[in-house]
Amino acid sequence: MSMFRLDSSIRTEGSVSRGVADTLERAYLEQHPNATVGRRDLVADPLPNVWPVAAFAGFTPEDQRSDEQRAALDLTRQLADEVLGADVVVIATPLYNFGVPAHLKAWIDLLITDSRFGPGTSPLAGRPVTLVIARGGGYGAGTPREGWDHATPYLVRILADVWGADLTLVEAELTLAPVTPAMAELVPLAEASQAQAHERASEVGKALAARTAA
């Protein structure tokens, strides 16, 4: 049994997305204590800016590629292998500036340059993928910022609709309430949202464990 986990929060301490992903991982490992967990932390180990090189390398005949192009494609191959080699995938991310963190977008762009993840492929078809996303504010229906979350729809589109993943969402909102005076009255809602996210993550971790054991 194996899990691949990707983290993208710039906070290594106190990160809600990391904490909720920890809960999911623990629940999974409680059922599969000998399972392996492959990790990539896009903040602790940032990716080099080689997407333009990798993108053009794919259109260059193999015997004409430069050393720089070969190195870029080697990296994309490694990233693809990490994902495809796992039974389950967990991607944990915050919402930054109403969108996807730049380093997570870079990871996606690099993956797409690998032929296995390119247009017309479904590399994650049927594979369970869990997206853990933390949002500092409230973006639900009827809120002042309904529709301002441009990360979740994009990630769902890429993971499920483009790559074919069997996607599960685990979401926490209002994570900035405890540290933002103007949001003080929302702290109880923030605490409830995080508690629900951890409960949901635990349920998902156990369900993934049962599924991969079947």
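User: What does Ser 9 touch, not counting residues up to four places away in sequence?

Analyst: Leaving out residues up to four places away in sequence, Ser 9 touches Ser 15, Ser 17, Arg 18, Val 43, Pro 94 and Tyr 96. These are called contacts because heavy atoms of the two residues come within 4.5 Å. A word on the basis: this is a predicted model, where local features need pLDDT of at least 70 and side-chain atom pairs count only at pLDDT 80 or more, while totals for chains, interfaces and linings use all residues. Residues are numbered from 1 along each chain as its sequence is written, and side-chain values use heavy atoms, with hydrogens and water left out.

User: Why is Ser 9 called buried?

Analyst: Ser 9 has 4% relative accessibility, and buried means under 20% relative accessible area (exposed is over 50%, partly exposed in between, with a 1.4 Å probe and protein chains only). So 4% puts Ser 9 in the buried class. Ser 9 sits in the loop between strand E1 (2-7) and helix H1 (16-31); helices (H or I, at least four residues) and strands (E, at least two) are DSSP runs, numbered from the N terminus.

User: What makes Gly 120 exposed?

Analyst: The relative accessible area of Gly 120 is 86%, which is over the 50% cut-off, so Gly 120 counts as exposed. Gly 120 lies in the loop between H4 and E4.

User: Which residues does UniProt list for "binding site", and where do they lie?

Analyst: An unreviewed UniProt entry lists Ser 9, Ser 15, Val 16 and Ser 17; such annotations may be inferred rather than shown by experiment. The lining of the largest pocket includes Ser 9, Ser 15, Val 16 and Ser 17.

User: What makes a space a pocket rather than a cavity?

Analyst: On a 1 Å grid over the protein atoms alone, a pocket is an open set of points with protein on both sides within 12 Å along at least five of seven lines, whereas in a cavity a 1.4 Å probe fits but cannot get out. Lining residues have an atom within 4 Å of a point. The largest pocket holds about 550 Å³, a volume being the space filled by probe spheres set on the points, which are joined across faces, edges and corners. Its lining has 26 residues, with Arg 135, Gly 136, Gly 137, Thr 175 and Leu 176 nearest the centre.

User: How do you know whether Thr 175 is buried or exposed?

Analyst: Thr 175 comes out at 18% relative accessibility, so it is buried. Its place is in the loop between strand E5 (166-172) and helix H6 (187-213). Beyond four places in sequence, Thr 175 touches Val 16, Ala 134, Arg 135, Gly 136 and Gln 194.
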